[in-house]
Amino acid sequence: MDQIPLLSPHKMGNFEVSHRIVLAPLTRQRSYGNIPQKHAILYYSQRTTTGGFLISEGTVISQTGIGYKDIPGIWSKEQVEAWKPIVNAVHEKGGIFFCQLGHMGRISNNDFQPDGKAPISSTDKPIKGFSPPRKLTIDEIPQLITDYRVAARNAIEAGFDGVEIHAAFGHLLEQFMKDNINDREDEYGGSLEKRCRLTLEVVEAIVDEIGGDRVGIRLSPFEDFMESGDSNPQGLGLYMAATLNKYGILYCHVIQTRSSSCHHLLPAMREAFKGTFMVTGGFDREEGNKVVREGGADMVAFGKLFLANPDLPKRFELDACLNKYDRTTFYSSDPVLGYTDYPFLEDDSCEKNQTFN
């Protein structure tokens, strides 16, 4: 039998990855009071395989980064200590675990912000459904970069193998990069290089703190999440892919939704970036195998399918049936329902080739 591309090993820097099926970062909103909870030990360990690569749910770097209820943070000692048993559980099963570090910027409300202040962003342009933001001042940017640096240091203290910088989905760093949002006229706005400056300064700070071999980044240049489009997505994607090389980071993780009209632009980014290239965006088994087989990516991150199928690598190996995910439980606060109660293959009675919603 020919080897399944997704199940072939891959050397990612100093990490020997046993297969190319990655647990994508998935917001779960079950970290009550922004503190990781013990039920996450089971959630992540269920999805761990020896040599498998996992990325944590989005974890905010400071209180100003909160945008949704009960998402985890990693700025405090209490949070670091709460992450430790979760990370240990992944390591005990032989997994490789990275912490996704992010800041939601204008995707927030005053109720989440210190003293009820306005959320920070590259702009003061509001986004529907959230409180009007305020434009981050030049004098405040060094502290923001320090927050990222400290969060990376805390992640390593918690035991994570590395960090992924979240610069996608319309979050703060993408708010600076995308010209549909960034209307600044200072050294962090205007030209492509200036709009990308903050993200690259964050990359540099984190690489300086923990080493480039422990750093990845997530980008979505071709998407328009949270009203974050760009007039030249190809230019943005290629500039970031090429420029990131000088920092020697481990991987670049690009979101490419299956409905996007920019699929033809992804190979150019893949060619420009010299490290491990990872893609995500609604791939299934067939599509994931195809993109790896054809050299379009080294690894593929799966979100909803991995959520509903904690043993996804085994199911892909056997071409077995897949559990159907339940969207209504994605963001509930329940510590079990839609979280740790999806059945494993040996306990399952699902039918092959289901239709997913």
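**Salt bridges up close**

Modeller: Let's start with K290, which is partly exposed at a relative accessible area of 44% (buried is under 20%, exposed is over 50%, and partly exposed lies in between, with a 1.4 Å probe and protein chains only). Its side chain meets that of E294 in a salt bridge, 3.2 Å from N to O (the cut-off: a Lys or Arg side-chain nitrogen within 4 Å of an Asp or Glu carboxyl oxygen). E294 has 56% relative accessibility and counts as exposed.

Before going on, a word on the ground rules. This is a predicted model, where local features need pLDDT of at least 70 and side-chain atom pairs count only at pLDDT 80 or more, while totals for chains, interfaces and linings use all residues. Numbering runs from 1 along each chain as its sequence is written, and side-chain values use heavy atoms, leaving out hydrogens and water.

Now for D298 and R270, whose side chains form a salt bridge at 2.8 Å, N to O. That pair ties together distant parts of the chain, 28 residues apart: D298 sits in the loop between helix 9 (285-293) and strand 13 (299-302), and R270 in helix 8 (residues 266-272). (Helices, H or I of at least four residues, and strands, E of at least two, are DSSP runs numbered from the N terminus.) Both ends are buried, D298 with a relative accessible area of 12% and R270 with 19%.

R285 and D319 make another salt bridge, with their closest N and O atoms 3.8 Å apart. Here too distant parts are linked: R285 belongs to helix 9, D319 to the segment after helix 11 (312-318), and 34 residues separate them. Both are partly exposed, R285 at 23% relative accessibility and D319 with a relative accessible area of 35%.

Stepping back, the structure holds 19 salt bridges. The chain's secondary structure comes to 11 helices and 13 strands. Its radius of gyration is 19 Å, close to the 21 Å from the globule rule for 357 residues, so the chain is as compact as a globular protein of that length (taken over C-alpha atoms; the rule is 2.2 Å times the number of residues to the power 0.38). Of those 357 residues, 59% count as buried.
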